[in-house]
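Thanks for coming, everyone. I would like to walk through one protein chain with you today, so please keep the viewer open while I talk.

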Amino acid sequence: MNIYCWEGYNQKEFLKDFPYKINTNNFISDFQIANQIKNNEIKCDIININNSFIRDYLWKKKIIKELNYSRYHDHISFFLKKFKFLSKWTLSEDKKKVIGIGQRFGNLNFVINSDFIKKRTAELEGYNLVKDKKNKYGILLFEDFNIMQIALSSGINPFNKLDNSKILKFNKNCQLWFKHATLISDNYLLLNNSLINKEICFYLTGGTYTCSVSRRDGCDNILSIIPKNKVNNLNQGLIFTEITSILKNSDVNAEKYLDYILSEKRSYEIAMSKYTCNPVLQMGNPKVFNHFSKKDLKIIQFDDLNNSKYHSYEYQVVPNYKKLLGIFRKTLSLYAHKVV
């Protein structure tokens with residue numbers, strides 16, 4: 001069977017005990033992969049993708065298979081209490097059908113080297129840090145998140161339809177981000193190294209998902225930040241929830257993959273995978289939580305996790321995405337010399 005997923009679920013070590021042949025492919029754009037699935041450009045049995053592209057896109061396109069309610073609804077009872085609200089993304093809007101499994105979640109905003117920028121300063125300044133010319137920074141090309149954050153940091157809500165004046169405002173802020181950036185890459189390991197080597201002070205987009213491998217190596221000064229400021233009364237943080245779902249007409253063993261990843265051992269393993277460490281919703285189950293050492297919890301900045309709930313928008317489909325993506329890519333092309 002074929003699975004398309006974010007980094008982690010595709011690792012051989014994670015899959016070694018799964019008793020069926022599985023081909024894995026990873027990606028970094030939910031929008032792109034969702035459209036490839038819709039257009040039958042790829043063969044996919046299982047998709048691991050950020051929340052809204054299941055419930056508000058692939059499910060509405062009648063591409064996602066409904067799961068057995070009595071078998072899979074109860075997995076929500078093991079979610080961390082303060083994050084049970086994220087369970088809505090595993091259900092149809094009327095909450096009568098289970099359409100996927102929630103597991104990894106968290107913030108994806110920006111990452112600092114606290115030797116240059118104090119954590120408290122970063123939280124209060126948020127994306128305004130790009131305006132301070134003494135701050136060298138990088139841009140991690142996670143297009144979907146970049147676009148949401150460029151909009152939010154210019155006081156625009158990307159989850160509403162935008163008029164021309166707001167699109168122009170997005171364009172101006174997009175140019176600012178790229179113009180002042182020191183380097184641009186789609187490789188978060190490279191950006192982490194640039195932080196560690198003090199070539200940049202911070203990078204955006206980024207979060208626990210991207211910087212945790214450096215923290216595991218002992219770099220406690222590399223920190224994921226959840227901005228606490230507001231611009232035009234808009235929160236600046238983003239919280240995502242990865243949903244793993246099965247497509248219609250999928251391999252007969254696809255549901256066994258869901259059972260596999262929901263086991264206590266695999267829930268811990270995917271949380272602390274080789275290149276990306278991240279909280280999982282199943283940490284509400286003491287049998288899962290007890291797998292995590294104090295060091296593990298420090299790596300994923302578990303003590304800061306609740307701030308994601310209070311200072312963030314949930315990851316959503318962006319109505320004007322194609323228009324904003326065009327602006328984003330055109331602007332990026334002007335600064336291709338910064339891409340590494």
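This is a predicted model: local features need pLDDT of at least 70, side-chain atom pairs count only at pLDDT 80 or more; totals for chains, interfaces and linings use all residues.

Serine 214, if we set aside its neighbours within four places in sequence, is in contact with Asn192, Ile196 and Cys219, where contact means heavy atoms within 4.5 Å. Serine 214 sits in helix H9, residues 208–216; helices here are DSSP runs of H or I with at least four residues, strands are runs of E with at least two, and both are numbered from the N terminus. With a relative accessible area of 6%, serine 214 is buried, the cut-offs being under 20% for buried, over 50% for exposed and partly exposed in between, with a 1.4 Å probe and protein chains only.

Residues are numbered from 1 along each chain as its sequence is written, and side-chain values use heavy atoms, with hydrogens and water left out.

Now the chain as a whole. The protein chain has 15 helices and 12 strands, and 61% of its 340 residues count as buried. Its radius of gyration is 19 Å, which agrees with the value near 20 Å that a compact globule of 340 residues would have; the radius is taken over C-alpha atoms, and the globule rule is 2.2 Å times the number of residues to the power 0.38. Among contacts between residues at least 6 apart in sequence, 76% join residues at least 24 apart.

Let me turn to the aromatic rings. A search of the whole structure finds 25 aromatic pairs, counting rings of Phe, Tyr and Trp (its six-membered ring) whose centres lie within 6.5 Å, with planes under 30 degrees apart called stacked, over 60 edge-to-face and the rest tilted. One of them, phenylalanine 110 with tyrosine 127, is tilted, at 5.3 Å centre to centre and 55 degrees between the planes. Phenylalanine 110 lies in strand S4 and tyrosine 127 in the loop between helix H5 and strand S5, so the pair ties together parts that are 17 residues apart in sequence. Phenylalanine 110 is buried at 0% relative accessibility, and tyrosine 127 is buried at 3%. The pair of tyrosine 137 and phenylalanine 202 is stacked, because the centres are 5.1 Å apart and the planes stand at 20 degrees. Since tyrosine 137 belongs to strand S5 and phenylalanine 202 to strand S7, this pair ties together parts that are 65 residues apart in sequence, and both residues are buried.

What about the backbone? Most residues other than glycine have a negative phi, and most peptide bonds are trans. Lysine 62 has a positive phi near 60 degrees; lysine 62 lies in the loop between H3 and helix H4 and is exposed, with a relative accessible area of 63%. Glutamine 301 also has a positive phi, about 50 degrees, and is placed in the loop between helix H13 and helix H14, but glutamine 301 is buried, at 9%. Finally, the peptide bond from leucine 204 to threonine 205 is cis, with omega near 0 degrees, and threonine 205 lies in strand S7.
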